[in-house]
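Biologist: I'd like to learn how to read a model like this one, feature by feature. Could you walk me through it?

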Amino acid sequence: MTAEALDRNNRASERKWRRRSLWSLLVLIPLALAVESYDSVKALLGNNDLFPRRVAWGESARFGGSDWKLTDLRGAFGMSNLPPDSVPVLADFQVKIGDPDLQKLWLGCKIVLVDKDGRRWSPTSIVSLKTPDNVGNCISAIFSGAKSGDTLDLRETFLVPKEATKSVRPSVSVASERPRFLLFQLEKD
Amino acid sequence: MMRKSANIVLLLLAVVFCYGLQISKPHYGDLIGPIPARGKLADTVVGRAFEVHAEKIEFARKLKVDQFGRQKVLTTGGVWAVVTVAFAARAESTVVSVASWRGPTGLTYDQTERLSFMNGLLPVAVDPGLPRKARLIFEVRPDQANNATLLISEKLVAALDSQAEISLGPVTITADGLPGGAVDTLDMAEPL
């Protein structure tokens with residue numbers, strides 16, 4: 001083989017590899033982006049309630065290892081000392097404990113009211129209504145030491161504007177299930 | 001020779017270009033800092049998670065407060081500045097917890113911590129559709145009262161989140177060194 005032929009051969013293989021490298025960028029760049037953003041995407045999904053699972057009135061749903069059921073949602077009208085045009089709303093749940101490791105499964109438990117425009121109300125500290133001793137809330141339930149098969153009564157109190165009372169629905173989310181969350185429907189839905 | 005001087009020219013151009021970028025573009029700290037939502041006194045300033053409306057400013061030499069059932073008068077070497085504001089949450093219940101007072105020369109005062117446990121002080125929890133009033137209380141130097149800016153954010157580290165910046169406008173300083181309209185004692189027990 002002459003030097004010239006060898007040279008030509010080398011050049012051809014060099015060109016071939018350069019082309020292969022360029023094509024591989026098509027795969028490598030998206031792959032690098034995916035690896036870089038993996039943690040951020042995971043945090044985004046783990047911190048937000050994105051995908052609702054609707055639960056019909058009177059039915060219970062398996063969530064965070066337990067069976068959740070909305071038993072009541074009602075306004076407490078006629079209280080004094082409240083901001084104008086606001087109504088306290090009570091949401092009552094009955095939860096049948098399945099997996100008793102609540103400190104892990106119910107971590108970051110959030111019960112909120114969502115209205116038809118997607119506005120969200122967290123439980124309020126402005127109104128404190130007396131609740132029976134056996135009724136807890138989401139956070140106290142985590143530390144209640146409930147065992148598998150127990151039934152817990154939970155109640156959260158909210159303060160919502162009067163115009164929103166018709167369309168609010170309770171939603172439940174826990175860190176172990178996010179980005180999915182439960183959205184309870186009422187009898188009239 | 002020609003090539004060498006061309007390289008030097010290119011290097012100089014690069015230096016000038018980089019310097020231009022450095023002085024004309026925002027710094028990294030500004031890029032990831034709070035995002036200002038600007039407004040004036042009596043405007044409603046809309047941020048990402050909350051709205052705020054500054055209603056009035058009052059200046060006083062002393063503050064009268066009720067603490068644990070006892071009345072106390074708080075004096076100051078400067079002047080008390082009390083801003084009455086109304087907050088509203090936008091899409092989600094939130095807590096507004098940080099406010100500071102930035103004077104015309106850039107001196108920045110955090111909220112006073114001398115009035116703990118009083119109703120209407122930050123942090124306040126606000127719910128959508130339910131505006132709530134609050135008082136922001138600062139202890140400032142009288143020369144920092146004129147053309148001050150009120151900075152309000154949800155959290156202390158408001159990186160990449162909105163921060164309300166409300167310009168409070170001119171305040172005349174009277175002969176005794178106090179802002180015009182300053183009262184002797186302001187009663188904090190009065191309802192908002």
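Modeller: Let's go through domains, a disulfide, the sheets, a few single residues and the interface. Keep in mind that this is a predicted model.

Biologist: Fine. Into which domains is chain A divided?

Modeller: Chain A splits into domain 1, residues 1–47, and domain 2, residues 51–184. Taken over C-alpha atoms, the centres of domain 1 of chain A and domain 2 of chain A are separated by 51 Å.

Biologist: Next, disulfides. How many does the structure hold over all chains?

Modeller: The general idea: a disulfide is a covalent bond between the sulfur atoms of two cysteines. Here there is 1 over all chains, and it joins Cys109(A) to Cys138(A), with an S to S distance of 1.5 Å. The pair links distant parts of the chain, 29 residues apart. Cys109(A) sits in the loop between helix H2 (102–105) and strand E5 (110–114) of chain A, while Cys138(A) belongs to helix H3 (residues 138–142) of chain A.

Biologist: Why is the disulfide of Cys109(A) and Cys138(A) right-handed?

Modeller: Look at the torsion about the S-S bond: for Cys109(A) and Cys138(A) it is about 65°, so the disulfide is right-handed.

Biologist: And are those cysteines, Cys109(A) and Cys138(A), buried or exposed?

Modeller: Buried means under 20% relative accessible area. Cys109(A) has 9% relative accessibility, so it counts as buried. Cys138(A), at 1%, counts as buried too.

Biologist: On to sheets. In what order do the 5 strands of the open sheet in chain A come?

Modeller: Strands of a sheet pair through backbone hydrogen bonds, either parallel or antiparallel. In chain A, the order in this open sheet is E2-E3-E4-E8-E7, and the pairing is mixed. Strand E2 (60–63) and strand E7 (135–136) of chain A are at the edges with a single partner strand each, so one side of each has no neighbour in the sheet. Within the sheet, strand E4 (residues 86–96) and strand E8 (residues 151–161) of chain A pair in the antiparallel sense over 11 bridges. If you want a spot to look at, find Gln94(A), which stands opposite Asp153(A) in E8(A).

Biologist: What about strand E10 of chain A: why is it largely enclosed by the rest of the structure?

Modeller: Count its buried residues. In strand E10 (residues 180–184) of chain A, 4 of the 5 are buried, so the strand is largely enclosed by the rest of the structure. Strand E1 (residues 51–55) of chain A runs parallel to E10(A), joined by 5 bridges, and Phe51(A) stands opposite Arg180(A). Strand E9 (residues 169–173) of chain A runs antiparallel to E10(A), with 2 bridges. Ser171(A) stands opposite Leu183(A) there, and a hairpin of 6 residues joins E9(A) to E10(A).

Biologist: Now chain B. Is Gln163(B) buried or exposed?

Modeller: Gln163(B), in strand E11 (residues 162–167) of chain B, is buried, because its relative accessible area is 15%. Beyond its neighbours within four places in sequence, Gln163(B) is in contact with residues including Pro34(B), Ile35(B) and Leu151(B).

Biologist: And Asp30(B): buried or exposed?

Modeller: Asp30(B) is in helix H2 (residues 28–31) of chain B and is exposed, with a relative accessible area of 54%.

Biologist: Last one: how many residues of chain B are in contact with chain A?

Modeller: 9 residues of chain B are in contact with 11 residues of chain A. The area buried between the two is about 780 Å², with carbon and sulfur atoms giving 56% of it. The count of salt bridges between chain B and chain A is 0.

Conventions. Residues are numbered from 1 along each chain as its sequence is written. Chains are lettered from A and ligands numbered from 1 in the order in which they are written. This is a predicted model: local features need pLDDT of at least 70, side-chain atom pairs count only at pLDDT 80 or more; totals for chains, interfaces and linings use all residues. Side-chain values use heavy atoms; hydrogens and water are left out. Domain bounds come from an automatic or database domain assignment. A disulfide is a pair of cysteine sulfur atoms within 2.5 Å. Buried means under 20% relative accessible area, exposed over 50%, partly exposed in between (1.4 Å probe, protein chains only). Two strands pair if DSSP finds at least two bridges between them. Contact means heavy atoms within 4.5 Å. Buried area is the accessible area (1.4 Å probe) that two parts lose on being put together, summed over both. A salt bridge is a side-chain nitrogen of Lys or Arg within 4 Å of a carboxyl oxygen of Asp or Glu.
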